Amino acid sequence: MRDEISFYMAHNKDSEMLLTETEAMDFCIMQKILPRISGTESVVRDVLLNLERELQDYKNCKKKIEEMKKRLDANGFVSFWA
């Protein structure tokens, strides 16, 4: 996963549709890290809260984490996909 993110960031610099580093990293985290998060309240709540603090500058991640927290509150379980 680390290498995939590194390649993504490196190729972003060569792209004609250059994203800012923040935008590119936002997409990387959305594609590679957040989908791995799933579980019950006791397992996931602290992870989501910590990520929310750390990723506050990444608009797509922030929105997805907020959505995941709402589903966790409603269902006691959450995954990236549902």
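**Helix packing in the predicted chain**

Helix H3 passes helix H4 in a left-handed crossing (left-handed: the near helix is turned anticlockwise from the far one by less than a right angle; right-handed: clockwise). The structure is a predicted model, in which local features need pLDDT of at least 70, side-chain atom pairs count only at pLDDT 80 or more, and totals for chains, interfaces and linings use all residues. Residues are numbered from 1 along each chain as its sequence is written, and side-chain values use heavy atoms, without hydrogens or water.

H3 covers residues 41-54, and H4 covers residues 59-75. Their axes lie 10 Å apart, and the two helices pack at an angle of about 155° (axes are lines fitted to C-alpha atoms, for helices over the stretch in contact; angles run from 0 to 180 degrees between N-to-C directions). H3 is therefore roughly antiparallel to H4 (over 145 degrees; under 35 is roughly parallel, 65 to 115 roughly perpendicular, the rest oblique). On the H3 side, the contact is made by Glu41, Arg45, Leu48, Leu49, Leu51 and Glu52 (contact: heavy atoms within 4.5 Å). H4 contributes Ile65, Glu66, Met68, Lys69, Leu72 and Asp73. The residues of this contact between H3 and H4 divide into 6 nonpolar, no polar and 6 charged (nonpolar: Ala, Val, Leu, Ile, Met, Phe, Trp, Tyr, Cys and Pro; charged: Asp, Glu, Lys and Arg; polar: the others, Gly among them).

Arg45 is found in H3. Arg45 counts as buried because its relative accessible area is 16% (buried: under 20%; exposed: over 50%; partly exposed: in between; 1.4 Å probe, protein chains only). The side chain of Arg45 makes a polar contact with that of Asp73, at 2.3 Å (N or O atoms within 3.5 Å; within protein, one able to donate a hydrogen and the other to accept it, residues adjacent in sequence counting only if both atoms are side-chain atoms). Beyond its neighbours within four places in sequence, Arg45 touches Thr40, Lys69, Leu72 and Asp73.

Apart from neighbours within four places in sequence, Arg71 is in contact with Lys64, Gly76, Phe77, Val78, Ser79, Phe80, Trp81 and Ala82.

Helices H1 (residues 2-14) and H2 (residues 21-33) form another packed pair. Their axes come within 10 Å and cross at roughly 150°. H1 is therefore roughly antiparallel to H2. H1 passes H2 in a right-handed crossing. From H1, Glu4, Ile5, Tyr8, Met9, Asn12 and Lys13 take part. They meet Glu21, Ala24, Met25, Phe27, Cys28, Gln31, Lys32 and Ile33 in H2. The residues of the contact of H1 with H2 divide into 8 nonpolar, 2 polar and 4 charged.

Asp3 also lies in H1. Asp3 counts as partly exposed because its relative accessibility is 41%. The C-alpha atom of Asp3 is separated by 18 Å from that of Thr22, and the two residues are 19 residues apart along the chain.

The chain as a whole holds 4 helices and 2 strands (DSSP runs numbered from the N terminus; helices are H or I of at least four residues, strands E of at least two). Along the sequence, the pattern is α-α-β-α-α-β. The C-alpha trace spans about 45 × 20 × 20 Å along its principal axes. Of the 82 residues, 34% are buried. Among contacts between residues at least 6 apart in sequence, 51% join residues at least 24 apart.
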